[in-house]
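This note is intended for a colleague meeting the structure for the first time. Please read the numbered points with the sequence and the 3D view at hand.

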Amino acid sequence: MLKKSIILFIFFLPCFLFSQEIGKIYSISYPADTVVNYGPCYIGDSLSETFRIENLTNDNFIIYEVMPTFGILRDPNETFIDEFRSYKNVAPLFPINLAAQSKTTLIIQYNASTDLFTSPLGWYHSILQVGFSEVSDTNLVYGKKFYLRAKKTNKAIDGYEDLLNFDSIYINSTVKESIIWRVKSVLKDSISLVDQKFILLSPQLTTDEFIPHFYSINPVFRYKGEALTWQFEYAPLDMGVDSGRVELAYKPFVDTYPDSIQKASCKLQGVGVKQDIRLNYANYDFRNDTIFLGNIQSSKLLKINAQIKNYGNIPFNSIDEQITAENLNITSQILKKIKDNPASINQNGTGEFSFEIKINNIGDFVFRYEITSDISQRNIKFAPASANKKVFYIVGKAIEPLIAVSSILIQFPTIYQYLPYCESTSDTTLYIHNLGNDTLRINQIIIENDMPKFTFTTDKTDLSIPPKSKDSILIIFSPILTKLFTADLLLISNSENQIDTVKIGLIGSSVAPSATSISIGDYKGKPGSIIEIPIMVDSNIVFSSIFSDTIYYNRSILQYVGYKNQGTASQEPIENISIKEDSSGYLAIYVKKPTTTRFYENKILIKLQFKIYLGNSPSTLISFLNPRFGNQYCDYALRIPKENIKNGYFEIDSVGGIDMKAYPIVKPAIQIESLSPNPVKDKIDIKLWSEDETFLKLTIYDYYGNMIMQNDFGIIEAGDYYISQDFAIEPTGMYLIVLYSNYEPIYQRIIKY
Amino acid sequence: MIIFCSIELHSQGFEWEYSARLPYKIPRAFIGAGYSYSYNNNFGDFSFFENNVYSLNFKKGNGYVNQINISFQYWEKPIIAIFGNVLYRSLKTDFTQNMTYPRSNGADNWLATYQTNMHLSRDYIGISIGGKYRVLNSYFSVGAEITSLFLLSSSATATEEILSPDFEHYIDGSTRRDIKNMHLPDFKNFNVLPEIFIAYDFSIAKGIFIQSSLRMQIPLFNSTSSDKFYDLPLGIEITMFKNINILN
């Protein structure tokens, strides 16, 4: 094949040199070809071919019988010496004048000599050079070379070709390559074919790749010189050489040698080719034509080295290589291309390419490394369009953690400095979002505090946040001084370089809690009445929601009965009011508003209601023992300097001679509540009360001290008792009743009448 | 004649003429002296202060009234007399009020009842004028008078005692005490009191008769300036009258 190509190149070269429209020279049978196939020629017979020579100029030219205007030359590749001598000019005679705008014909005859020794059967080749020159000059003005070939045969029917070469056909093409084989009767008339047969020479690995189109009925060559054609198609299904032979059997001498069968045959040959370039190596995982980069960090420069291998059966050449991507922001640079190596990649050969890539977007990505093949520029038929480019896909996922915070400045609410009573802290939750698709690792969470250190702290020192999720850190503001504090919170992460460190300003201030005052006024009241004693406060109570204290007073004078909060600072909504009095006169007060609320601004915190008793003192202080105003942060949300605490004073009123009455008095454990009638006549009824379990004995003495009766009631329980004592038979006079018990005796005089 | 006689009325109705031949000019002017004793009901509502401490309000009391008076009576007509008195009146009044207080020693509570007794004494001088009308020409007459009193003095004593419970006593151990420093009701220095009476006159000698009367003071006017204090005495009065010759 290569040999034929070189020959054609040599032949066609003059045509290019003299391609001006000076003239035309062509074969009548093959007007568009420079190869003139005379076809089969029976021994001793001859074949002629007419060539037309046209002068397209207005000059007169001449064709001499000598070179360069005419010559039947030896084919340098000819098998036999002097093959060219089988060709000769038969008409016209030289020199031939070729007038302006005129044409002439030249008949070249092939003669198949009968001498089989010097001129054996087979193909005879020659090179015919024809041209014209100026009359006065032998320099060739226009000329053309033809490659003449004719087959000397001893067969009555023989083909124009011994080999039908389909050449390289891309496999699995939907289009079939077709070649016509001409067969001519060269001996006599009326020769019938007796068989048409195709024989596959190459191993049949697939279904039929050669498709011969035989006549349905064996045709008849009706006359000598009649040429019939057979069409053969070739569609390779696999790579490699395919070959076959077609045989046409006929009986040349059916009358004289009816059993004699000759065959005209031709070999069919084709090559199924395929461009099969595959990845052979990559510095990342690959499968088929895809390189899997996996998860890569975006904006990071990656170098990809790959090697391809030619698994096809045709050499592979790259004429261009590029990286393409759709809807993907990438930065790429090809470092090494296949075509940098000028040598073709032959079958099983390898080639390398490499490039650098940087993915600027995050998420899944696909881009291509496209190698443009030269297959379209080569004589390979039916190469699919896909073969023009070999595409390798590079897929992966560009990942990157992307930190986002809800605020770059966190201002804590002003908090009160409750130390040393309470820790004064405020905290806030900072949400950190990972907007990226890679795990955000905050390797360091640093707070750069001014002095004092540890004013702002966090609950975490590092953090790992999965993609598309969030997490939080708790920032705690714990001032120990009353001032304005600032600090920087640094989140050092693996996020994109530009924001791998996020700086968040922290501002917090602490102020001393407000001072408040609390007081109870001076009151008077009459025993038996209910007095309402308000606890007075000032407007700063609005900063608190909890009040607690224990109030002390003389419980023999005041006894707690209830409270009123309507219209006071502690009116509804209220969460809890607990006011409990113990027997010692300590009144524990606990008033709590809902956490998110505060006391109302009202001069009265709460009104306490007491029942007034004639007690053991004319007056009593109502003392605050430890008043506290708190809130959800601290029980001491308000300062109460000592001078701001004014205890109350209560004085018993409307009781004359209070100094004579108000003294510590002990109620006896047993007492006579009533004794009637007195004076008594028949029976005396005694109502008595005992505080506790005791023995009880009733003894009655007469005026002279004589015991006249005694009743022992044994052990009695605590409670009220009614004793009835008959006195009817006793003489009149004065008597003394004495009640004996575990306590002091009780004496009571009675008069009997 | 009978009719005439029957219509010849004499002052006081006394027939002091022995006979027509011994005519006796019936006197018209009399002077006399008398004494009255009344049971006095008091009602009112006045505060009692001990050591300037309000203690209670007294509302009801009772006592008696002694009065002596010098009277002048002039019979304007046989059935109508007018009179005037100069008098000295002494009132003794006792008020009692119970007060019950809840007491406590801090652990136990009980009720203690105190009774306060106040004895008031007032002395007045005064004058009164009035008139009386003989009823049906009998010796009974009805009359009315207006008395103007000038307060001479007032005084009071008071005590308080513990009624119950038995174990209760004062700080000194007693169950009764005198109230020494108290605040008296602000009795008016001048008081006008209307009074009505039913009188019966009877003669004991010629020119001399005794008027006995049952009288009641009408409590129209308060006895104190600012408190509520009314006296309602109901009593009897005996006054002996003798004619005044120079005026007859």
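1. Two residues are in contact if their C-beta atoms, placed from the backbone, lie within 7 Å.

2. The model is predicted; local features need pLDDT of at least 70, side-chain atom pairs count only at pLDDT 80 or more, and totals for chains, interfaces and linings use all residues. Residues are numbered from 1 along each chain as its sequence is written, while chains are lettered from A and ligands numbered from 1 in the order in which they are written.

3. Leu614(A) is also among the residues with the most contacts inside the largest nonpolar core, together with Ile475(A), Ile535(A), Leu605(A) and Ile652(A); this core has 73 residues. A nonpolar core is a set of buried Ala, Val, Leu, Ile, Met, Phe, Trp, Tyr and Cys residues joined through C-beta atoms within 7 Å. A residue is buried if 20 or more other C-beta atoms lie within 10 Å of its own, exposed if 12 or fewer, and partly exposed in between, with C-beta atoms placed from the backbone.

4. Strand E46 (residues 604-612) of chain A gives the most to this core, five residues. Strands (E, at least two residues) and helices (H or I, at least four) are DSSP runs, numbered from the N terminus. The core lies between domain 4 (403-511) and domain 5 (518-661) of chain A, because both give residues to it. Domain bounds come from an automatic or database domain assignment. Apart from this core lies another, of 60 residues, among them Ile53(A), Ile108(A), Leu193(A) and Ala235(A).

5. Between the chains, 23 residues of chain B are in contact with 26 residues of chain A. On the chain B side, E2 (53-75), E3 (80-104), E4 (109-134) and E6 (176-179) each supply at least two residues, and the largest share, four residues, comes from E3(B).

6. The peptide bond from Phe94(A) to Pro95(A) is cis, with omega near -15°; Pro95(A) is found in the loop between strand E6 (87-91) and strand E7 (96-98) of chain A. Asn52(B), not a glycine, has a positive phi near 65° and is exposed, with 9 other C-beta atoms within 10 Å.
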